[in-house]
Each structure stands twice: as structure tokens, then as C-alpha cells.
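User: I have a model open and want to go through how it is put together. Can you take my questions as they come?
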Amino acid sequence: MGLKIAVSGKGGVGKTTIAGLLARSWALDGKRVLAVDADPANHLGAVLGIPIERQPKPISEMSELVEERTGVSPGSSFGKLFRLNPKVDDIPDKYSALNEDGVRLLVLGTIRHASTGCFCPENALLRTLIDHIVLLRDDYLVVDMEAGLEHLGRGSSKGLDFLLLIVDPGQRSLETAKRIKELASELGIKNIAAILNRATGTESDEVARSRLKEAGIRTIGTIPFDKLLAESDHRGIAPSELSGSSPAIKAIEAIARKLQNESVSMPS
């Protein structure tokens, strides 16, 4: 089975950029990589350099697909029975897009919270799909999560090799990482690690690492602040266009190798 990771963290810390570059690093190493966008912001396609007209539509917004697979159309499920385990095995390949580096992108869309109504067919489809992707496919998998872990059930959570928490030296970022770690532990995720992004080489980096350690979160890698990477984001340029000139990208590639090496020594 391939390496399975989920990436989470506070908005604005570089989570999606890191997720995309990890996926790209493994694809360039010859691995079959599936990148899953589970963040409602849906920016992973841009990071992977896929033109907006080629980016796949979120699965949760495909009304005809939801109805075909669950037996009930979205918005009309109240009082109706629908399939809780719909067919999903063909979805990752059929409804995804491939970038130039060989990364396959699948966009999930939003999981509806309980406060928005009863358990709906869209949720049934997404939860079955993510369980299938994590537990049954042999891709190298990178899931770009939002700060919550709504898409993950207990089965898929335990199938992950790593949950990576992206943090910067800011206090709000560290507090968010702590909350996500608590949620992840409740779901049974064992391998939780942090990546310190936008490190400046100053005392604030050490303070951040110390606070992560106090929260029981190890730091698996550090990415330096990189003006080139920040500018690419502001200009809407895919980070891959900076390869070879970006110290941040080199650091992410080193983290990708470290994760791969650690996964080899994990008990099966």
C-alpha cells in the first residue's frame, strides 16, 4: 500500500501549498499519487498548476452522481431511505484531473454538519469515498483537510500513516494545532506530527517547537520563510515553476523523503 497522509492546520499557514508540493515530490519520484482536496476553499488545484477550466468539480456538488450512487437526490433525503454504502471505486479515476507532474487531483467538497439537517446522501457518498481511498487504494495519498477533520471517520482515520499539522510561529496557529491534535487522538490517529512553516531562524522558531512538544506533538520538519514562494502565491503562479530556486521547496522535498523512510519502518 502507498503512503497515506492528511494535512491540516489553521487557514493561511501554507497548508495547501505544502500538501501540493509533497504530492508533486512523490509523483516526480515515480509514485502513483492521488491528491484529495477536502478543504472547502478548493485551492489545491491551483497549487498543482491545473488550469481552472480543467479542475474537477467537487463530488458533493454533482447532484446526478449523488442520486445515481445513493438513490436519492441532494436536498430531498428527508424521510427517504438511501444507500449508506454507495459504489465509489470508480470515482477517483473517473472524476479527477491529472497535472503535468502526474499528480491526480480529486475534489471532495463540503461535508454538511449535523446542524444543517439530517444525515444526507452527499455525506454518505463522501464518507464512503474517503474510506475507500484511504483503506483500499494503493496510491500515495495526500488529503488537504480544513482545520476540522469532518471528512474522516474512524476507519479512514486509522488507515492514515500520518496526520501533518502545519504551523507557523504564531500563537493562533499553535493553538489550532493543539485542537486538531485532540480531535485526531479521539479518532484514533496515532502518528501526528507538525511541520513548522515560514521559519525565520530566530528564537520564535524554538518557542514554537517547545510549545508543540509540550502539547505532545513532535516536529518532523522545518520549512524556511521563502520570499519566492510567497510571491508565487500572490501572483497566482504554481510553486512548481520555482523548482531549483526555492529553499522552501527543497525543504518540503526533504520532508517527503523523511515521511517515506519512516513509513517503511512502521509495523504493518
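User: Which residues of strand 1 point one way and which the other way?
Analyst: Lys4, Ala6 and Ser8 point one way from strand 1, while Ile5, Val7 and Gly9 point the other way. All of them are buried, meaning under 20% relative accessible area with a 1.4 Å probe and protein chains only; exposed is over 50%, and partly exposed is in between. Because six of the six residues of strand 1 are buried, strand 1 is largely enclosed by the rest of the structure. This is a predicted model, where local features need pLDDT of at least 70, side-chain atom pairs count only at pLDDT 80 or more, and totals for chains, interfaces and linings use all residues. Residues are numbered from 1 along each chain as its sequence is written, and side-chain values use heavy atoms, with hydrogens and water left out.

User: How many bridges join strand 1 to strand 5, and how many join strand 1 to strand 6?
Analyst: Four to strand 5, running parallel, and five to strand 6, also parallel. Valine 7 has aspartate 144 as its bridge partner in strand 5 and leucine 164 in strand 6. Strands pair if DSSP finds at least two bridges between them. Strands are DSSP runs of E, at least two residues, and helices are runs of H or I, at least four, numbered from the N terminus.

User: What is the strand order in the whole sheet?
Analyst: The sheet is open, with eight strands in the order 3-4-2-5-1-6-7-8 and mixed pairing. Strand 3 (97–98) and strand 8 (218–224) are at the edges with a single partner strand each, so one side of each has no neighbour in the sheet.

User: Switching to helices. At what angle do the axes of helix 3 and helix 5 cross?
Analyst: Roughly 80°, and the axes of helix 3 (residues 63–70) and helix 5 (residues 121–135) come within 9 Å. Axes are lines fitted to C-alpha atoms, for helices over the stretch in contact, and angles run from 0 to 180 degrees between N-to-C directions. Helix 3 is therefore roughly perpendicular to helix 5, a label for 65 to 115 degrees.

User: Which residues make the contact?
Analyst: Leu65, Val66, Arg69 and Thr70 of helix 3, with Pro121, Glu122 and Leu125 of helix 5. Contact means heavy atoms within 4.5 Å.

User: And which residues of helix 3 are buried, and which are exposed on the face turned away?
Analyst: Leu65, Val66, Arg69 and Thr70 are buried. Glu64 and Glu68 are the exposed residues on the face turned away from that side.

Conventions:
Angles under 35 degrees count as roughly parallel, over 145 as roughly antiparallel, 65 to 115 as roughly perpendicular and the rest as oblique.
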